[in-house]
Amino acid sequence: MTTAYRPRRSVLYMPASNERALEKAKTLPVDGLIFDLEDAVGPQEKEAARENARAAAACGDYGYREVTIRVNGTGTQWHEADLEAACAAGPDGIVVPKVGSADEVRGLVAAMEAHGAPEHTRLWAMVETPDAVLDARAVATASGRLAVLVLGTNDLVTELQARFVPGRGPLLAALSSVVLAARAAGVAVLDGVYNDVRDLEGLAAECRQGRDLGFDGKTLIHPGQIGPCHEAFTPSAEEVEEARGLLAAWEAGAGRGVVTYEGRMVENLHVEVAQRVLATDEAVRSRS
Ligand SMILES: CC(C)(COP(=O)(O)OP(=O)(O)OC[C@H]1O[C@@H](n2cnc3c(N)ncnc32)[C@H](O)[C@@H]1OP(=O)(O)O)[C@@H](O)C(=O)NCCC(=O)NCCSC(=O)C[C@H](O)C(=O)O
Ligand SMILES: [Mg+2]
(Lines give C-alpha, C1' and ligand atoms only; values in the text may rest on other atoms or scores of the structure.)
(Ligands and ions follow the chains in the order given, each with its own letter.)
Protein backbone atom coordinates (compact mmCIF):
# COMPACT_ATOMS: atom_id res chain seq x y z
CA MET A 1 0.00 0.00 0.00
CA THR A 2 1.31 3.45 -0.83
CA THR A 3 0.15 7.04 -0.34
CA ALA A 4 1.36 7.75 -3.90
CA TYR A 5 -1.61 5.74 -5.20
CA ARG A 6 -3.95 8.12 -7.07
CA PRO A 7 -7.58 7.06 -7.26
CA ARG A 8 -9.30 7.96 -10.52
CA ARG A 9 -12.90 7.77 -9.34
CA SER A 10 -13.94 10.96 -11.14
CA VAL A 11 -12.30 12.67 -14.11
CA LEU A 12 -13.99 15.86 -15.32
CA TYR A 13 -13.88 17.17 -18.90
CA MET A 14 -14.06 20.86 -19.59
CA PRO A 15 -13.66 22.81 -22.83
CA ALA A 16 -10.24 24.48 -22.62
CA SER A 17 -11.90 27.47 -24.28
CA ASN A 18 -13.96 27.98 -21.09
CA GLU A 19 -11.71 29.97 -18.76
CA ARG A 20 -14.35 30.09 -16.02
CA ALA A 21 -14.52 26.29 -15.96
CA LEU A 22 -10.71 26.01 -15.88
CA GLU A 23 -10.67 28.34 -12.89
CA LYS A 24 -13.56 26.61 -11.11
CA ALA A 25 -11.83 23.24 -11.49
CA LYS A 26 -9.16 24.39 -8.99
CA THR A 27 -11.79 24.14 -6.24
CA LEU A 28 -13.74 21.04 -7.28
CA PRO A 29 -13.34 17.80 -5.26
CA VAL A 30 -12.57 15.76 -8.35
CA ASP A 31 -9.74 13.25 -8.84
CA GLY A 32 -8.76 14.26 -12.35
CA LEU A 33 -9.32 16.88 -15.04
CA ILE A 34 -9.34 16.77 -18.82
CA PHE A 35 -8.79 20.12 -20.51
CA ASP A 36 -10.45 19.43 -23.83
CA LEU A 37 -9.19 20.70 -27.16
CA GLU A 38 -11.27 18.25 -29.22
CA ASP A 39 -15.04 17.98 -29.55
CA ALA A 40 -16.03 20.58 -26.93
CA VAL A 41 -14.03 23.29 -28.73
CA GLY A 42 -15.17 24.86 -32.02
CA PRO A 43 -12.72 25.34 -34.92
CA GLN A 44 -12.50 29.10 -34.31
CA GLU A 45 -11.59 28.57 -30.66
CA LYS A 46 -8.91 25.90 -31.12
CA GLU A 47 -5.84 28.13 -30.87
CA ALA A 48 -7.00 30.11 -27.85
CA ALA A 49 -8.07 26.87 -26.15
CA ARG A 50 -4.64 25.33 -26.80
CA GLU A 51 -2.94 28.28 -25.11
CA ASN A 52 -5.39 28.14 -22.16
CA ALA A 53 -4.78 24.42 -21.72
CA ARG A 54 -1.02 24.86 -21.89
CA ALA A 55 -1.06 27.63 -19.31
CA ALA A 56 -3.49 25.81 -17.00
CA ALA A 57 -1.57 22.52 -17.11
CA ALA A 58 1.69 24.31 -16.37
CA CYS A 59 0.39 26.59 -13.58
CA GLY A 60 0.57 24.07 -10.71
CA ASP A 61 -2.65 25.35 -9.10
CA TYR A 62 -4.68 22.13 -9.33
CA GLY A 63 -3.26 20.50 -6.18
CA TYR A 64 -3.79 16.74 -5.88
CA ARG A 65 -5.93 16.60 -9.02
CA GLU A 66 -4.48 14.69 -11.95
CA VAL A 67 -4.27 17.12 -14.85
CA THR A 68 -4.56 16.04 -18.48
CA ILE A 69 -5.04 17.66 -21.87
CA ARG A 70 -7.16 16.05 -24.58
CA VAL A 71 -5.58 16.87 -27.94
CA ASN A 72 -7.29 16.61 -31.31
CA GLY A 73 -6.92 13.19 -32.91
CA THR A 74 -4.07 11.88 -35.03
CA GLY A 75 -4.49 13.05 -38.61
CA THR A 76 -6.48 16.19 -37.81
CA GLN A 77 -5.12 19.61 -38.73
CA TRP A 78 -4.68 20.52 -35.05
CA HIS A 79 -3.06 17.36 -33.76
CA GLU A 80 0.63 18.21 -34.15
CA ALA A 81 0.42 21.67 -32.60
CA ASP A 82 -1.80 20.36 -29.78
CA LEU A 83 0.63 17.55 -29.01
CA GLU A 84 3.62 19.86 -29.04
CA ALA A 85 1.93 22.33 -26.68
CA ALA A 86 0.74 19.55 -24.37
CA CYS A 87 4.22 18.01 -24.18
CA ALA A 88 5.70 21.42 -23.36
CA ALA A 89 3.15 21.94 -20.56
CA GLY A 90 4.01 18.55 -19.00
CA PRO A 91 0.62 17.52 -17.58
CA ASP A 92 0.09 14.17 -15.85
CA GLY A 93 -1.48 12.79 -18.99
CA ILE A 94 -2.16 13.50 -22.64
CA VAL A 95 -5.52 12.12 -23.71
CA VAL A 96 -5.71 11.13 -27.36
CA PRO A 97 -9.17 10.55 -28.83
CA LYS A 98 -10.17 7.83 -31.30
CA VAL A 99 -6.97 5.82 -30.99
CA GLY A 100 -7.33 2.99 -33.51
CA SER A 101 -4.41 0.60 -33.14
CA ALA A 102 -1.27 -0.43 -31.27
CA ASP A 103 0.82 1.12 -34.07
CA GLU A 104 -0.89 4.44 -33.44
CA VAL A 105 -0.04 4.20 -29.73
CA ARG A 106 3.63 3.56 -30.54
CA GLY A 107 3.63 6.49 -32.98
CA LEU A 108 2.10 8.77 -30.35
CA VAL A 109 4.66 7.74 -27.73
CA ALA A 110 7.50 8.35 -30.21
CA ALA A 111 6.05 11.79 -30.96
CA MET A 112 5.75 12.58 -27.24
CA GLU A 113 9.41 11.67 -26.79
CA ALA A 114 10.41 13.74 -29.84
CA HIS A 115 8.54 16.72 -28.35
CA GLY A 116 10.38 16.28 -25.04
CA ALA A 117 7.39 15.30 -22.89
CA PRO A 118 8.58 14.85 -19.29
CA GLU A 119 8.67 11.28 -18.02
CA HIS A 120 5.68 11.76 -15.71
CA THR A 121 3.45 12.66 -18.67
CA ARG A 122 1.62 9.46 -19.57
CA LEU A 123 -0.55 8.59 -22.54
CA TRP A 124 -4.27 8.09 -22.00
CA ALA A 125 -5.83 6.41 -25.03
CA MET A 126 -9.51 6.83 -25.81
CA VAL A 127 -11.32 3.72 -26.96
CA GLU A 128 -14.33 4.94 -28.92
CA THR A 129 -14.33 3.12 -32.25
CA PRO A 130 -15.11 -0.51 -33.18
CA ASP A 131 -11.46 -0.99 -34.26
CA ALA A 132 -10.17 0.14 -30.87
CA VAL A 133 -12.60 -2.09 -28.96
CA LEU A 134 -11.64 -5.12 -31.05
CA ASP A 135 -7.91 -4.33 -30.64
CA ALA A 136 -8.15 -3.08 -27.05
CA ARG A 137 -5.62 -5.56 -25.66
CA ALA A 138 -3.02 -4.67 -28.30
CA VAL A 139 -3.66 -0.97 -27.70
CA ALA A 140 -3.37 -1.38 -23.92
CA THR A 141 -0.08 -3.28 -24.10
CA ALA A 142 1.56 -1.28 -26.92
CA SER A 143 3.69 0.92 -24.65
CA GLY A 144 4.66 1.17 -20.99
CA ARG A 145 3.88 4.88 -21.28
CA LEU A 146 0.18 4.16 -21.71
CA ALA A 147 -1.47 4.49 -18.31
CA VAL A 148 -5.22 4.72 -18.89
CA LEU A 149 -7.88 3.58 -21.35
CA VAL A 150 -10.83 6.00 -21.52
CA LEU A 151 -14.16 4.94 -22.98
CA GLY A 152 -15.76 7.41 -25.39
CA THR A 153 -19.31 6.18 -25.32
CA ASN A 154 -20.80 9.00 -27.41
CA ASP A 155 -18.55 8.21 -30.34
CA LEU A 156 -18.90 4.49 -29.79
CA VAL A 157 -22.71 4.59 -29.84
CA THR A 158 -22.55 6.65 -33.02
CA GLU A 159 -20.08 4.31 -34.73
CA LEU A 160 -22.03 1.20 -33.69
CA GLN A 161 -25.26 2.77 -34.97
CA ALA A 162 -26.60 1.74 -31.55
CA ARG A 163 -28.85 3.67 -29.16
CA PHE A 164 -28.47 4.98 -25.62
CA VAL A 165 -30.88 2.97 -23.49
CA PRO A 166 -31.15 2.63 -19.69
CA GLY A 167 -28.86 -0.19 -18.57
CA ARG A 168 -26.62 0.25 -21.65
CA GLY A 169 -27.40 -3.25 -22.98
CA PRO A 170 -26.10 -2.44 -26.51
CA LEU A 171 -22.73 -1.34 -25.07
CA LEU A 172 -22.09 -4.03 -22.48
CA ALA A 173 -19.99 -6.31 -24.70
CA ALA A 174 -17.73 -3.40 -25.65
CA LEU A 175 -17.47 -2.04 -22.09
CA SER A 176 -16.51 -5.43 -20.68
CA SER A 177 -14.01 -6.11 -23.49
CA VAL A 178 -12.19 -2.89 -22.70
CA VAL A 179 -12.15 -3.59 -18.95
CA LEU A 180 -10.75 -7.07 -19.70
CA ALA A 181 -8.03 -5.58 -21.91
CA ALA A 182 -7.09 -2.97 -19.32
CA ARG A 183 -6.90 -5.49 -16.50
CA ALA A 184 -4.86 -7.91 -18.61
CA ALA A 185 -2.43 -5.07 -19.38
CA GLY A 186 -2.37 -3.67 -15.84
CA VAL A 187 -3.56 -0.20 -16.86
CA ALA A 188 -6.44 1.88 -15.48
CA VAL A 189 -9.79 2.14 -17.26
CA LEU A 190 -12.40 4.91 -17.10
CA ASP A 191 -16.06 4.68 -18.07
CA GLY A 192 -17.66 7.10 -20.55
CA VAL A 193 -19.73 10.19 -19.75
CA TYR A 194 -23.42 10.52 -18.83
CA ASN A 195 -24.87 13.24 -21.06
CA ASP A 196 -27.94 14.38 -19.08
CA VAL A 197 -26.46 16.67 -16.44
CA ARG A 198 -29.85 17.08 -14.70
CA ASP A 199 -30.55 13.35 -14.28
CA LEU A 200 -28.54 12.51 -11.16
CA GLU A 201 -30.47 9.28 -10.48
CA GLY A 202 -29.70 7.94 -13.94
CA LEU A 203 -26.08 8.99 -13.47
CA ALA A 204 -25.87 7.26 -10.07
CA ALA A 205 -27.21 4.01 -11.58
CA GLU A 206 -24.70 4.20 -14.42
CA CYS A 207 -21.85 4.87 -11.97
CA ARG A 208 -22.82 1.80 -9.92
CA GLN A 209 -22.96 -0.24 -13.09
CA GLY A 210 -19.51 1.01 -14.13
CA ARG A 211 -18.13 0.14 -10.69
CA ASP A 212 -19.65 -3.35 -10.89
CA LEU A 213 -18.17 -3.87 -14.37
CA GLY A 214 -14.69 -3.12 -12.98
CA PHE A 215 -14.00 0.46 -14.07
CA ASP A 216 -11.65 2.53 -11.87
CA GLY A 217 -13.89 5.54 -12.26
CA LYS A 218 -16.03 7.58 -14.62
CA THR A 219 -15.46 10.54 -16.89
CA LEU A 220 -17.82 13.43 -16.13
CA ILE A 221 -18.98 16.61 -17.85
CA HIS A 222 -20.43 18.74 -15.03
CA PRO A 223 -19.42 19.50 -11.41
CA GLY A 224 -22.86 18.33 -10.23
CA GLN A 225 -21.95 14.81 -11.32
CA ILE A 226 -18.99 14.46 -8.92
CA GLY A 227 -21.04 13.57 -5.79
CA PRO A 228 -23.00 10.62 -7.25
CA CYS A 229 -19.83 9.38 -8.94
CA HIS A 230 -17.86 9.36 -5.69
CA GLU A 231 -20.75 7.66 -3.94
CA ALA A 232 -20.34 4.70 -6.30
CA PHE A 233 -16.55 4.57 -6.57
CA THR A 234 -15.48 5.35 -2.97
CA PRO A 235 -15.25 2.36 -0.61
CA SER A 236 -17.97 2.58 2.04
CA ALA A 237 -17.17 2.59 5.79
CA GLU A 238 -18.36 -1.05 5.91
CA GLU A 239 -16.05 -2.05 3.07
CA VAL A 240 -13.10 -0.35 4.79
CA GLU A 241 -13.88 -2.05 8.10
CA GLU A 242 -14.22 -5.41 6.35
CA ALA A 243 -10.88 -4.88 4.53
CA ARG A 244 -9.12 -4.06 7.81
CA GLY A 245 -10.57 -7.13 9.52
CA LEU A 246 -9.65 -9.38 6.62
CA LEU A 247 -6.06 -8.09 6.56
CA ALA A 248 -5.75 -8.55 10.32
CA ALA A 249 -6.96 -12.16 9.97
CA TRP A 250 -4.50 -12.73 7.12
CA GLU A 251 -1.58 -11.32 9.12
CA ALA A 252 -2.57 -13.41 12.15
CA GLY A 253 -2.31 -16.45 9.85
CA ALA A 254 1.43 -15.74 9.68
CA GLY A 255 2.27 -17.05 6.24
CA ARG A 256 -0.51 -19.63 5.81
CA GLY A 257 -1.87 -19.71 2.24
CA VAL A 258 -5.47 -19.74 3.38
CA VAL A 259 -7.24 -18.47 6.51
CA THR A 260 -10.85 -17.67 7.39
CA TYR A 261 -12.41 -14.33 8.26
CA GLU A 262 -15.95 -14.30 9.65
CA GLY A 263 -16.45 -17.83 8.34
CA ARG A 264 -15.26 -17.05 4.80
CA MET A 265 -12.15 -18.34 3.09
CA VAL A 266 -9.39 -15.75 2.58
CA GLU A 267 -6.57 -16.23 0.06
CA ASN A 268 -3.98 -13.98 -1.50
CA LEU A 269 -6.42 -12.52 -4.04
CA HIS A 270 -8.83 -11.39 -1.32
CA VAL A 271 -5.90 -9.70 0.38
CA GLU A 272 -5.13 -7.77 -2.82
CA VAL A 273 -8.72 -6.55 -3.02
CA ALA A 274 -8.62 -5.48 0.65
CA GLN A 275 -5.33 -3.64 0.12
CA ARG A 276 -6.81 -1.78 -2.86
CA VAL A 277 -9.84 -0.74 -0.78
CA LEU A 278 -7.56 0.60 1.97
CA ALA A 279 -5.25 2.35 -0.49
CA THR A 280 -8.24 4.13 -2.06
CA ASP A 281 -9.64 5.04 1.34
CA GLU A 282 -6.28 6.37 2.51
CA ALA A 283 -5.76 8.45 -0.64
CA VAL A 284 -9.28 9.87 -0.49
CA ARG A 285 -8.92 10.79 3.19
CA SER A 286 -5.61 12.51 2.55
CA ARG A 287 -7.45 14.87 0.18
CA SER A 288 -10.25 15.99 2.42
C1 LIG B 1 -22.71 20.79 -20.27
C2 LIG B 1 -22.22 22.21 -20.04
C3 LIG B 1 -22.15 22.96 -21.38
C4 LIG B 1 -23.20 22.94 -19.11
O5 LIG B 1 -22.63 24.21 -18.83
P6 LIG B 1 -23.38 25.34 -18.01
O7 LIG B 1 -24.75 25.57 -18.61
O8 LIG B 1 -22.46 26.52 -17.89
O9 LIG B 1 -23.58 24.66 -16.61
P10 LIG B 1 -23.98 25.34 -15.26
O11 LIG B 1 -24.53 26.70 -15.46
O12 LIG B 1 -24.85 24.37 -14.54
O13 LIG B 1 -22.61 25.45 -14.49
C14 LIG B 1 -22.51 25.72 -13.11
C15 LIG B 1 -21.12 26.12 -12.75
O16 LIG B 1 -20.22 25.03 -13.02
C17 LIG B 1 -19.25 25.42 -13.98
N18 LIG B 1 -19.04 24.27 -14.88
C19 LIG B 1 -19.95 23.70 -15.70
N20 LIG B 1 -19.42 22.65 -16.34
C21 LIG B 1 -18.14 22.58 -15.91
C22 LIG B 1 -17.08 21.68 -16.20
N23 LIG B 1 -17.26 20.68 -17.11
N24 LIG B 1 -15.92 21.87 -15.56
C25 LIG B 1 -15.75 22.88 -14.68
N26 LIG B 1 -16.71 23.76 -14.34
C27 LIG B 1 -17.89 23.61 -14.97
C28 LIG B 1 -19.83 26.61 -14.71
O29 LIG B 1 -18.80 27.39 -15.24
C30 LIG B 1 -20.58 27.27 -13.56
O31 LIG B 1 -19.59 27.92 -12.76
P32 LIG B 1 -19.92 29.24 -11.90
O33 LIG B 1 -20.55 30.19 -12.87
O34 LIG B 1 -18.61 29.67 -11.36
O35 LIG B 1 -20.88 28.80 -10.83
C36 LIG B 1 -20.84 22.22 -19.35
O37 LIG B 1 -20.99 21.55 -18.14
C38 LIG B 1 -19.71 21.65 -20.18
O39 LIG B 1 -19.17 22.31 -21.03
N40 LIG B 1 -19.30 20.40 -19.87
C41 LIG B 1 -18.14 19.76 -20.47
C42 LIG B 1 -18.40 19.39 -21.93
C43 LIG B 1 -17.19 18.70 -22.51
O44 LIG B 1 -16.07 18.95 -22.15
N45 LIG B 1 -17.43 17.78 -23.48
C46 LIG B 1 -16.40 17.02 -24.13
C47 LIG B 1 -16.19 15.66 -23.55
S48 LIG B 1 -17.56 14.58 -23.55
C49 LIG B 1 -17.15 13.42 -24.77
O50 LIG B 1 -17.43 13.70 -25.87
C51 LIG B 1 -16.42 12.16 -24.37
C52 LIG B 1 -16.08 11.21 -25.50
O53 LIG B 1 -15.27 11.76 -26.46
C54 LIG B 1 -17.29 10.52 -26.12
O55 LIG B 1 -17.27 10.29 -27.34
O56 LIG B 1 -18.20 10.15 -25.37
MG1 LIG C 1 -15.48 11.09 -28.38
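Predicted model: local features only at pLDDT ≥ 70, side-chain atom pairs only at ≥ 80, totals over all residues.

Me: What does the pLDDT of the protein chain average?
Reply: The protein chain averages a pLDDT of 96, and 99% of the residues score at least 70. pLDDT is the predictor's confidence in each residue, from 0 to 100. For the complex, the predictor gives an ipTM of 0.98 and a pTM of 0.95.

Me: OK, the fold. Which strands form the closed barrel?
Reply: There are 8 strands in the closed barrel, running β1-β2-β3-β4-β5-β6-β7-β8 with parallel pairing. From one strand to the next, the twist averages 25 degrees. Strands (E, at least two residues) and helices (H or I, at least four) are DSSP runs, numbered from the N terminus. Two strands pair if DSSP finds at least two bridges between them.

Me: Can you show me one pair?
Reply: Take β6 (residues 146–151) and β7 (residues 188–191): they run parallel and 3 bridges join them. V150 stands opposite L190 in β7.

Me: Which strands does helix α10 touch?
Reply: Helix α10 (residues 226–233) packs on the sheet and touches β1 (10–15) and β8 (217–220). The direction of α10 makes about 170 degrees with that of β8. Axes here are lines fitted to C-alpha atoms, for helices over the stretch in contact, and angles run from 0 to 180 degrees between N-to-C directions. Contact or touching means that the C-beta atoms of two residues, placed from the backbone, lie within 7 Å.

Me: Switching topic: which residues does UniProt list for "binding site"?
Reply: An unreviewed UniProt entry lists R70 and E128. They span 59 residues in sequence, yet no two of their C-alpha atoms are more than 13.9 Å apart, so they gather at one spot. The "binding site" annotation in the unreviewed entry also covers E128 and D155. Those two span 28 residues, but no two of their C-alpha atoms are more than 5.5 Å apart, so they gather at one spot. UniProt positions are given in the numbering used here, feature names are shortened, and annotations may be inferred rather than shown by experiment.

Me: Is R70 buried or exposed?
Reply: R70 counts as buried because it has 28 C-beta neighbours inside 10 Å. The cut-offs: buried is 20 or more other C-beta atoms within 10 Å of a residue's own, exposed is 12 or fewer, and partly exposed is in between, with C-beta atoms placed from the backbone. R70 sits in strand β3 (residues 66–70). Leaving out residues up to four places away in sequence, R70 touches I34, F35, D36, L37, E38, V95 and P97.

Me: And where does E128 lie?
Reply: E128 is in the loop between β5 (122–127) and α5 (130–134). E128 is buried, since 26 other C-beta atoms lie within 10 Å. Beyond four places in sequence, the contacts of E128 include K98 and D155.

Me: How about D155?
Reply: D155 is in helix α7, and with 18 other C-beta atoms within 10 Å, D155 is partly exposed. Again skipping residues up to four places away, D155 touches K98, E128 and T129.

Note on methods: Residues numbered from 1 in each chain as written. Chains lettered and ligands numbered in written order.
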